[in-house]
Amino acid sequence: MTRVVLSIGSNLGDRLAHLRSVVDGLGEALVVASRVYETDPWGGVEQQPFLNAVLIADDPGRDCHAWLCRAHELERAAGRARGERWGPRTLDVDLVTCSELTASGRVDVFSADRDLTLPHPLAHLRAFVMVPWLDVDPAAHMPLQDGPRSVADLLAELEPADRASVRLTPLTLES
């Protein structure tokens, strides 16, 4: 069984509906969804604020590459057009981490192939990933090449302005 941490975001169209489409698309695989946050854009491109959330999902029939395919399917269904890097989008679904259940316990997957980098190479630098992740898993750890790090510690290392740019909203992902 694989477990994924997904970061989802939208800043075009009906932002909340786009996020909810991921929740609906995951169906029974969804374990938990964070609250919804509004976040200033990241990456230096002028654009509207994002709505962001983190989802944790399990599926015994999917490996990490299958999760990536599912993420791309959900983005296409929301009309995602891949244009400018870090630019505006109807929906962004990123695999932050993926782990597999083995006889000895849960093992984090590391991947550096052309199509899939795990863990997500920038997630530990993004408050809009870590704040909602801590919302659903206060004990979360980010697997890094030099060993796992507490998400809370990684978040604390970010600039105060980055942390302040992630604001809790009254919105929910429940339809």
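Me: Where is the place of D92?

Reply: D92 is in strand 5. Helices (H or I, at least four residues) and strands (E, at least two) are DSSP runs, numbered from the N terminus. This is a predicted model, in which local features need pLDDT of at least 70 and side-chain atom pairs count only at pLDDT 80 or more, while totals for chains, interfaces and linings use all residues. Residues are numbered from 1 along each chain as its sequence is written, and side-chain values use heavy atoms, with hydrogens and water left out.

Me: Is D92 buried or exposed?

Reply: D92 is buried, at a relative accessible area of 13%. Buried means under 20% relative accessible area, exposed over 50%, and partly exposed in between (1.4 Å probe, protein chains only).

Me: What is D92 in contact with?

Reply: Leaving aside neighbours within four places in sequence, D92 is in contact with S7, I8, G9, E75 and R80. Contact means heavy atoms within 4.5 Å. The D92 side chain also makes a polar contact with the side chain of R89, at 3.1 Å. A polar contact is a pair of N or O atoms within 3.5 Å; within protein, one must be able to donate a hydrogen and the other to accept it, and residues adjacent in sequence count only if both atoms are side-chain atoms.

Me: And how many residues apart are D92 and H18 in sequence?

Reply: They are 74 residues apart in sequence, and 9.2 Å apart in space, C-alpha to C-alpha.

Me: Back to strand 5. How many of its residues are buried?

Reply: Strand 5 covers residues 92-102, and eight of its eleven residues are buried.

Me: In which sense do strand 1 and strand 5 pair?

Reply: Strand 1 (residues 2-10) and strand 5 pair in the antiparallel sense, over eight bridges. Two strands pair if DSSP finds at least two bridges between them. G9 stands opposite D92 in this pairing.

Me: What about strand 6, how many bridges join strand 5 to it?

Reply: Four bridges join them, and strand 5 and strand 6 (residues 105-108) run antiparallel. A hairpin through two residues joins strand 5 to strand 6.

Me: Change of topic. Which residues have the most contacts inside the largest nonpolar core?

Reply: I8, V22, L26, L55, W67, L95 and L173 have the most contacts inside that core, which has 28 residues. Strand 1, helix 1, strand 4 (50-59), helix 2 (64-77) and strand 5 each supply at least two residues of this core. A nonpolar core is a set of buried Ala, Val, Leu, Ile, Met, Phe, Trp, Tyr and Cys residues joined through side-chain atoms within 4.5 Å. There is also a second, separate core of 22 residues, which includes V5, I56, W133 and L155.

Me: Why group nonpolar side chains at all?

Reply: In soluble globular proteins, nonpolar side chains tend to be buried together.

Me: What lies over the face of W67?

Reply: R62 does, at 5.1 Å from the ring centre. A charge sits over a ring if NZ of Lys or CZ of Arg is within 6 Å of the ring centre and within 35 degrees of the ring normal.

Me: Now N11. Where does it lie?

Reply: N11 lies in the loop between strand 1 and helix 1 (15-26). N11 is buried, with a relative accessible area of 4%. Polar atoms of its side chain lie 2.9 Å from the backbone oxygen of Q48 and 2.9 Å from the backbone nitrogen of R89.

Me: And T39, buried or exposed?

Reply: T39 is buried, with a relative accessible area of 2%. T39 is found in strand 3 (residues 37-39), and its side chain makes a polar contact with the side chain of N52, at 3.0 Å.

Me: Last one: how many residues of helix 3 are buried?

Reply: Nine of the ten residues in helix 3 (residues 127-136) are buried. Among them are F128, W133 and V136.
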